Amino acid sequence: MKIQADALLFDNDGTLVSSLDSVYRCWSRWAAEYGITAEEFARVELHGRPAVEIAADLLPAARVPEAVVRIEQLEVEDVPGGVHLLPGTKALLDSLPADRWAVVTSATRRLGEARLAEVGIRPKNLVAADDITRGKPDPEPFLLAARRLGVDPARCVVFEDAPAGLQSGRAAGMTTVALTTTHRADELTADVVVEDLSAVSALVTDEGVELSVRH
């Protein structure tokens, strides 16, 4: 399958890198510190959402700001050894010019950059939780990335592993590619579903980027 695009927009956690063990380790410790029961914690969707929204689901509003600072600290401290590249990430990113792609993460800039640096990725363009007012599944994060890259949203391809992120990409009017790295295929609504980025290759031309997708 071929897809023509002007820019590629990548979620980070679960798409470019895996930090699942770190995420659950840190959030479980955080929940224990804040007296949140296992039952309460199990009801909340962790993946692909900004920390401030997760904290707001679990705590009184007055406690959310310091709780968000705390989870960021725990996660940043857990980055060394807690993050690894997912298959296909390096090859795909290495084939792209820096101004043809961006990372769009629900993590804070500090945490997102720390996780990427741990695996040797330093994007020219990064949209983080700090940059937006409404997180995924709202389209704002991906629309902001398209604006920063100077491309039409309709000419962007979103790579995501989480339902909230795919919903965000669809709402932004972008082509969506789902990765089954953290969710089953039947839980993901996208234009194309692949196992991971090793199923994707890119050819940069004068017209943009031609993606070849095996699925």
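The following questions and answers concern a predicted model.

Colleague: What volume does the largest pocket have, and which residues are closest to its centre?
Modeller: The volume of the largest pocket is about 400 Å³. Its lining is made of 28 residues. Of these, the closest to the centre are Arg-49, Pro-50, Ala-51, Ser-106 and Ala-107.

Colleague: Which elements give two or more residues to the lining of the largest pocket?
Modeller: An element is listed here if it gives two or more residues to the lining. Those elements are α1 (20-33), α3 (51-58), α4 (64-77) and α6 (109-118).

Colleague: How many residues in the lining of the largest pocket are nonpolar, polar and charged?
Modeller: Here the lining residues are sorted by class.

Colleague: Is Leu-8 buried or exposed?
Modeller: Leu-8 is part of strand β2 (residues 7-10). Leaving out residues up to four places away in sequence, Leu-8 touches Leu-96, Arg-100, Trp-101, Ala-102, Val-157, Phe-159 and Leu-211. A residue counts as buried when its relative accessible area is under 20%. The value for Leu-8 is 0%, so Leu-8 is buried.

Colleague: What separates the C-alpha atoms of Leu-8 and Val-194?
Modeller: Along the chain, Leu-8 and Val-194 are 186 residues apart.

Colleague: Is the peptide bond from Lys-136 to Pro-137 cis or trans?
Modeller: Pro-137 lies in the loop between β6 (126-127) and α7 (140-149). For the peptide bond from Lys-136 to Pro-137, omega is near 15°. That bond is cis.

Technical notes: Residues are numbered from 1 along each chain as its sequence is written. This is a predicted model: local features need pLDDT of at least 70, side-chain atom pairs count only at pLDDT 80 or more; totals for chains, interfaces and linings use all residues. Side-chain values use heavy atoms; hydrogens and water are left out. On a 1 Å grid over the protein atoms alone, a cavity is a set of points where a 1.4 Å probe fits but cannot get out, and a pocket is an open set with protein on both sides within 12 Å along at least five of seven lines; lining residues have an atom within 4 Å of a point. Grid points are joined across faces, edges and corners, and a volume is the space filled by probe spheres set on the points. Helices (H or I, at least four residues) and strands (E, at least two) are DSSP runs, numbered from the N terminus. Ala, Val, Leu, Ile, Met, Phe, Trp, Tyr, Cys and Pro count as nonpolar, Asp, Glu, Lys and Arg as charged, and the others, Gly among them, as polar. Buried means under 20% relative accessible area, exposed over 50%, partly exposed in between (1.4 Å probe, protein chains only). Contact means heavy atoms within 4.5 Å.
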